[in-house]
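Have the sequence and the model open side by side.

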Amino acid sequence: MGVEGIGARVARKEDKRFLTGKGRYTDDMSVPGMKYAVFVRSPHAHAKIKSIDATAAKAMPGVIDVLDGKQLTADGIGNLICGWMIHSKDGSPMRMGAWRPLADETVRYVGDAVAVVVADSVNEARDAAEAVIVDYDPLPVVTDPVKALADGQPQLHPEAPNNMIFDWELGDAAATDAAIAAAAHVTEVKILNNRLSPNAMEPRAALGIYDSGDDHYTCYTTSQNPHLARLVMSAFYNVAPENKLRVIAPDVGGGFGSKIYIYPEEIVCLWASKRTGVPVKWTCDRTEAFLTDAHGRDHVSTVKMAFDSANKITALKVDTIANLGAYMSLFSSCVPTYLYATLLSGQYDIPAIHANVRTVYTNTAPVDAYRGAGRPEATYLLERTMETAARELGLSPAELRRINFIRSFPHQTPVIMNYDAGDYEASLNAAMAAADWDGFAARKEEAERRGMKRGIGMSCYIEACGLAPSSAVGSLGAGVGLWESAEVRVNAVGTIEVMTGSHSHGQGHETTFAQLVADRFGVPIDSVNIVHGDTDKVQMGMGTYGSRSGAVGMSAVAKALDKVEAKAKKIAAHLMEADESDIVIENGELKVAGTDKSVPWFQMALAAYTAHNLPAGMEPGLKEGAFYDPSNFTFPAGCYICEVEVDPDTGQTEIIQFVAADDFGNIINPMIVEGQVHGGLAQGIGQALLEGVHYDPENGQLLTASYMDYAMPRADDLPSFKVSTSNTPCPNNPLGVKGCGEAGAIGSPPALINAITDAIGNNALTMPATPEKVWAAAHAAN
Amino acid sequence: MYQTNYHRPSSVQEAVKLIGGAAEGKYLAGGMTLIATMKQRLAAPSDLVDLRHIAELKGITVNGRSVRIGAATTHHDVASSAELEAVCPAICALASHIGDPHVRHMGTIGGSIANNDPAADYPAAMLALDATIVTNSRQIAAADFFTGLFETALDDGEIITAITFDAPAKAAYQKFPNPASRYAMAGVFVARRDNGEVRVAVTGAGSNGVFRHQGMEAALAGNWSPDAVGNISVDASDLLTDLHASAAYRAKLIKVMTKRAVAAA
Ligand SMILES: Cc1cc2nc3c(=O)[nH]c(=O)nc-3n(C[C@H](O)[C@H](O)[C@H](O)COP(=O)(O)OP(=O)(O)OC[C@H]3O[C@@H](n4cnc5c(N)ncnc54)[C@H](O)[C@@H]3O)c2cc1C
């Protein structure tokens, strides 16, 4: 592997830039003549727009123009779309209501954009935005997804009666019901998965530049997938054809899913740039981010889990209502369906599963994928249910899980997924050993003497990463293929550029992708540049989400490297008059195996470009591309254990220890993997203990619109994590990698809630487990 | 933020004059509350008169048990003052838990008291310590100073120059923080005088801001021990209910924080 190859703990190349303030984010981009956009947003959660009067605003200092939804509609800019078609169980297509980038008739959540001001400065634009007079006719509001489905509730979109978008199912209802009827024991639980705000450190931003000379647009944007943004803006929003639209996502400061989607603002900046003749930049402020970034989760579920007399699970029945907010965001439909219900088998051999999912419009911000996307919802539901069942059956949580683990692979679940490899018992044993599970009873007793309630909880998660085989997702309704592309350019001096369709916004690709190359050719990673995030530089790509960059993006790089390697060996063999099959590449040299003959890597590269002496018929140059389409999802899995102490007087929870034992397949850079797990755990613990978006149910106002009320996890909320991996290589991709970006956020919430409910002796607790809730639950139990 | 004019006086007199001449002037201390409010466009002062460069507003003096803290003294300076620590460590500990290091190095005691946020920490200390709020024109007893949510007895243009108090025999502050903002969800400052008089002041919980709890004061005056408050009931009807905590839970927290403060004093 070498010191910089696969498996090496290489420090991140990009960190020098980030730590010294040299990162270049969208808001850092400035072009001559650039002006600033501020959006006029609805203060109502639901209202008809009677009129918009911008006369006074237009006359204010520095104002260039004020544009509204009627003009946008007149210019033919299309509706925002959801790109994954889901059919209800009656066969009807999902009922997608219109989402205008600037609302022209109706606003449906607080923050819905109705107009945009372009001015010389942000402050002048803000002043003018306050002077735009919008006459609203307020309508009744519904924010609760269960209530929204009932008769007589406010209706958001005429396309969706009773606010229902689809009523979808997966699995065998009859077999599941029969197994439940015949069960020795049935555990029933109601599960709430709280709504979260994504809170990337860098707020969203967009810079639209229209060049009238070439009739060409450039869009700088905070995107996890600039190519997808270009495709969608061209094909559906009618902004410009792809060859006339360049999308650049430079350094991006965190996404967590929220920057996958194409939002109104980037479209409006491009359109406004053409309308006004000046480049237009918008940067979101934190309040706007709370209001308008796509939220995550927000499920209400009921669960029945059936057991036979030997405590084997015989069936699982799940009914879920998922709140999608006021509009269907880009991937909103697949998150509570194919990214959720397909994981309901967890690590367990369950013969029959049936899931029913209804998705609902409410007067709240759109909800879409957020770190984990569907899998945290499945894992929380399943692992809370397993814990509850273990308590009801009088078994230890580990024992119930061991009885039900899948032990042979490949394993076909009743909900589509075919697990390729895994060793769940190994993770469970590793986690229990690391947590000193056996010593817990003594620790609990010691805590009791101090008046504290100590609890321990586990969670065994599985997730699906490496999205995804294109034909498979196509058959399930995806509007795009989920392959990835790469191009490897070897320069004449032997340095290397790798163009990738994956996008790095915190994942460290500039390091890990370079490690692949270093590993292959024995060149230093400093001689390898990773190029991403610009549709003019990288031909096509599907971007970064769903922990796909390793399994899919790197696999594409590996495929391109195969081609480069083959050509390099041909050239070297020719130069050394050897047989191509005898050439090996080591430490930056191409050698003839078993001899002392060698050609340095750079000399081979130079030969490729001088082309003075190449094999007959060979094209000059050394540059190869590849598209990689995965043959299956990958299935990272693991076991997390959390130990807490609850102060019974206040309900305050302290996390004493948190153990993560994961199986991520082969590891490219252990340090970066640990960092991803740490970050994921922090987010999962945030969800379980602290975070929650709240709307006023009466008027739809966002009550958690700042950090005064939205509780983010901080360093002192978190323990020092104990993380480890025991890996079974993924058999389905060339690198054997599975993905590690979301696991921490997926596996941790149930471990924490299982621990708290263990401590207080009351299973009825919802996330976030705030001190008041824990205190109330602890006292209800006594 | 709206346009504003910035002034930097070097004396209290000059500051008062500047405010008098401004259409809608505001004093600026640490700016930790005011600047954030302006950025959100919730405040639009025509003029800002900066108090941070007025020497007479700064510093801590301890004379025997009598303490004077200049209004423009930062939370950090209060937290790390050795003289203050020697006579009233409770107020140093309180200051050391306000916000984060950035806030503590900018925010001031005068700004905090003038702002009278119902969840701020200092107001509880002022009430329990029976402090005097000294202004450019008069002296106001803490009991008369805090008049409601974000409301004080200050007149327009009046500057807090210092706060003074006599250090008690024993004192401590216990705060149960709001998980999001980390302001007090229930903060209790207890102080006991040599003559046995006890004060218990509560912040973060009252629907009308900081208040004293006479029931607990009486109980603790008779028996200065955590157990003394065991049977005292805290009436939840005057307490706040919000997203983070109900009045009933706050009532419970007030008792727990009081016990812990007495134990720590
Ligand atoms: C992130 C964060 C966390 C915080 N956490 C806490 C916390 O846990 N507990 C807590 O108690 N506080 C907390 N605060 C508030 C902090 O203590 C501020 O210092 C305080 O609220 C205001 O003080 P300032 O000096 O910054 O005043 P400024 O913001 O400058 O002024 C506040 C108000 O007081 C007026 N004013 C200032 N000085 C005087 C004076 N001498 N005379 C008359 N009027 C004056 C101003 O005109 C203004 O109206 C926090 C603040 C932030 C930003």
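Contact here means heavy atoms within 4.5 Å. Helices (H or I, at least four residues) and strands (E, at least two) are DSSP runs, numbered from the N terminus. This is a predicted model: local features need pLDDT of at least 70, side-chain atom pairs count only at pLDDT 80 or more, and totals for chains, interfaces and linings use all residues. Residues are numbered from 1 along each chain as its sequence is written, chains are lettered from A and ligands numbered from 1 in the order in which they are written, and side-chain values use heavy atoms, with hydrogens and water left out.

Start with helix α16 (residues 549-575) and helix α17 (residues 601-610) of chain A; their axes come within 10 Å and cross at roughly 90 degrees. Axes are lines fitted to C-alpha atoms, for helices over the stretch in contact, and angles run from 0 to 180 degrees between N-to-C directions. Angles of 65 to 115 degrees count as roughly perpendicular, under 35 as roughly parallel, over 145 as roughly antiparallel and the rest as oblique. α16(A) and α17(A) are therefore roughly perpendicular to each other. From α16(A) come A:Val564, A:Ala568, A:Ile571, A:Ala572 and A:Leu575; they meet A:Trp601, A:Met604, A:Ala607 and A:Ala608 of α17(A).

Now turn to the interface. Chain B gives 21 residues to the contact and chain A gives 24 residues. The area buried between chain B and chain A is about 1900 Å², with 51% from carbon and sulfur atoms. Buried area is the accessible area (1.4 Å probe) that two parts lose on being put together, summed over both.

Chain B and chain A share 6 salt bridges. A salt bridge is a side-chain nitrogen of Lys or Arg within 4 Å of a carboxyl oxygen of Asp or Glu. B:Arg41 forms one with A:Asp127, the closest N and O atoms being 2.8 Å apart. On the side of chain B that touches chain A, helix α11 (residues 247-264) of chain B gives the largest share, 6 residues.

Over all chains, the whole structure holds 57 salt bridges. One joins the side chains of A:Arg41 and A:Glu265 (2.8 Å, N to O). This pair links distant parts of the chain, 224 residues apart: A:Arg41 is in strand β1 (residues 35-41) of chain A and A:Glu265 in helix α8 (residues 264-276) of chain A.

Last, the backbone. Most peptide bonds are trans. The bond from A:Met767 to A:Pro768 is cis, with omega near -10 degrees. A:Pro768 sits in the loop between α19 (743-760) and α20 (771-781) of chain A.
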